[in-house]
Amino acid sequence: MKTGLTLEEAQQALCDNIDCLGTEKLPLAGALGRRLAEEITAPMDQPPFDRSPLDGYALRAADTAGACREHPVSLTVADTLYAGDAPRVPVTPGRTVRVMTGAMLPPGCDCVLKQEDTDMGSPVVEIYASLKPGDNYVYRGEDYRAGTCLLPAGSRVDAAAVGVLSSAGITEVPVNRRPRVGVLSTGDEVVEPGVRPLPAGKIYGANLPLLLSRLRELGVENVTGQLAGDDPQAVAEAMARMLETCDLVITTGGVSVGDKDIFHQALPLLGAERVFWRLKLKPGSPAMFSRYRGKPILSLSGNPFAAFTTFELLARPLLAALSGEPELLPRREKAVLDTPFPKGSGIRRFVRGKCENGHVSLPEGHSSGVLRSLMGCSCLVDIPAGSGSLAAGETVDILML
């Protein structure tokens with residue numbers, strides 16, 4: 001087991017020997033935000049027929065030659081077509097068919113005259129403008145032809161993609177499967193928030209709902225959670241049960257060096273291979289990573305903000321690797337610090353911040369056990385090891401949440 005890794009070394013170790021989880025087919029509406037596992041080709045032409053782009057008259061351009069308001073051309077209206085109608089009669093010399101926007105064009109016509117350039121008469125209409133073949137005419141396959149690549153493999157399904165795929169009659173698509181994640185929060189002192197009254201010496205557990213909610217915010221919906229005490233055997237059994245159905249297990253608590261830091265016993269009892277323990281960063285330095293039968297187990301600190309921070313730094317790269325979705329990685333940017341940070345940082349440190357228009361302000365309260373000041377924060381400020389106090393106006397590196 002390696003110890004004392006940098007963040008980048010830990011992230012590399014997390015993703016070594018991690019493969020995407022495979023694919024699944026989802027209804028189109030449920031695939032929003034997912035990555036396509038295969039290229040999607042058009043099964044049909046779009047539009048599937050020649051159609052009118054406006055309300056007017058389908059006719060032959062030759063029949064409009066010389067037409068103007070002073071010298072109109074008169075044509076017989078043979079039929080009227082609405083969107084959804086199939087043509088019943090063809091357009092022939094001297095005859096026109098009235099059409100509405102989206103209507104399938106009848107055979108024999110080569111253009112469409114907008115109704116504003118007519119007297120809209122019936123059964124004879126006067127034509128006040130001349131046209132060329134192809135004017136106001138939407139051809140079959142103008143958007144795309146059958147066999148055209150609509151979306152390449154790896155494309156992210158957004159609203160526009162959903163619209164295009166729906167226009168081709170596609171109802172489900174193959175996407176990269178997102179991981180099933182189990183979260184195990186440990187500690188004899190932790191009780192469910194609904195317990196009343198709060199027993200002496202106990203605390204309501206925040207880590208479990210915090211991490212489950214964060215996973216859902218990131219689009220990982222297939223999640224399960226459980227509270228556990230500090231018995232190594234019971235925790236090992238709980239992890240084993242989770243790993244029967246989960247692709248990734250995240251734990252909180254029990255990873256430091258105290259008497260109740262039970263993962264040093266629980267993971268060997270499970271039979272897991274411990275890959276690394278302890279990172280050169282703050283908060284959350286006792287983070288531990290293990291594998292059990294090829295499945296990753298990420299063990300985080302029990303302090304709420306430390307658990308949140310190391311989740312962002314470590315769990316998100318794991319989720320991105322498992323799902324093949326790089327957008328799950330935090331986005332790095334630079335910003336101007338508006339709030340001074342008076343503490344020096346002997347080791348690399350991450351503090352919560354609120355970023356707006358390229359400027360970062362820091363809330364009060366940066367202790368690992370303080371959670372309230374995380375509310376409203378949109379980034380983590382990455383402070384390098386060996387930094388002194390930071391003054392307002394300095395440029396800092398941030399990770400957007």
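In helix α3, Asn207, Leu210, Leu211, Arg214 and Leu215 meet Pro304, Ala307, Phe308, Phe311, Glu312, Arg316 and Leu319 of α6; contact here means heavy atoms within 4.5 Å. The residues of this α3 contact with α6 comprise 8 nonpolar, 1 polar and 3 charged. Ala, Val, Leu, Ile, Met, Phe, Trp, Tyr, Cys and Pro count as nonpolar, Asp, Glu, Lys and Arg as charged, and the others, Gly among them, as polar. Helices (H or I, at least four residues) and strands (E, at least two) are DSSP runs, numbered from the N terminus.

The model is predicted, and local features need pLDDT of at least 70, side-chain atom pairs count only at pLDDT 80 or more, and totals for chains, interfaces and linings use all residues. Residues are numbered from 1 along each chain as its sequence is written, and side-chain values use heavy atoms, with hydrogens and water left out.

Two packed helices are described by the angle between their axes and the distance between the axes. For α3 and α6, the axes cross at roughly 35 degrees and come within 11 Å. Axes are lines fitted to C-alpha atoms, for helices over the stretch in contact, and angles run from 0 to 180 degrees between N-to-C directions.

On the α1 side the residues are Leu7, Ala10, Gln11, Leu14 and Cys15, and they meet Leu313, Leu314, Pro317, Leu318 and Ala321 of α6. Here the division is 9 nonpolar, 1 polar and no charged.

A further helix pair is α4 (residues 232-245) with α5 (residues 263-270), whose axes lie 8 Å apart at an angle of about 50 degrees. That angle makes α4 oblique to α5 (under 35 degrees counts as roughly parallel, over 145 as roughly antiparallel, 65 to 115 as roughly perpendicular and the rest as oblique). The crossing of α4 past α5 is right-handed. From α4, the contact takes in Pro232, Gln233, Val235, Ala236, Met239, Ala240 and Leu243, and from α5, Phe263, Gln265, Ala266, Leu267, Leu269 and Leu270. These residues divide into 11 nonpolar, 2 polar and no charged.

The largest nonpolar core has 43 residues, and those with the most contacts inside it are Val181, Ile250, Phe276, Leu298, Phe311, Leu314 and Leu319. A nonpolar core is a set of buried Ala, Val, Leu, Ile, Met, Phe, Trp, Tyr and Cys residues joined through side-chain atoms within 4.5 Å. Elements giving two or more residues to this core include α1 (7-15), α3 (207-217) and α6 (304-323), along with strands such as β11 (181-186) and β15 (248-252). The largest share, 11 residues, comes from α6. Apart from this core lies another, of 21 residues, among them Ala236, Ala238, Val255 and Leu270.

Not counting residues up to four places away in sequence, Val181 touches Leu215, Val220, Asn222, Val223, Thr224, Cys246, Leu248, Ile250 and Leu319. Ser185 lies in strand β11 and is buried, with a relative accessible area of 4% (buried means under 20%, exposed over 50%, partly exposed in between; 1.4 Å probe, protein chains only). Among the residues that Ser185 touches are Asn207, Leu208 and Thr252.

Leu75, in strand β5 (residues 73-81), is buried at a relative accessible area of 3%. Its contacts include Leu59, Asp63, Arg95, Pro123 and Ile127.

Terms used:
A crossing is left-handed if the near helix is turned anticlockwise from the far one by less than a right angle, and right-handed if clockwise.
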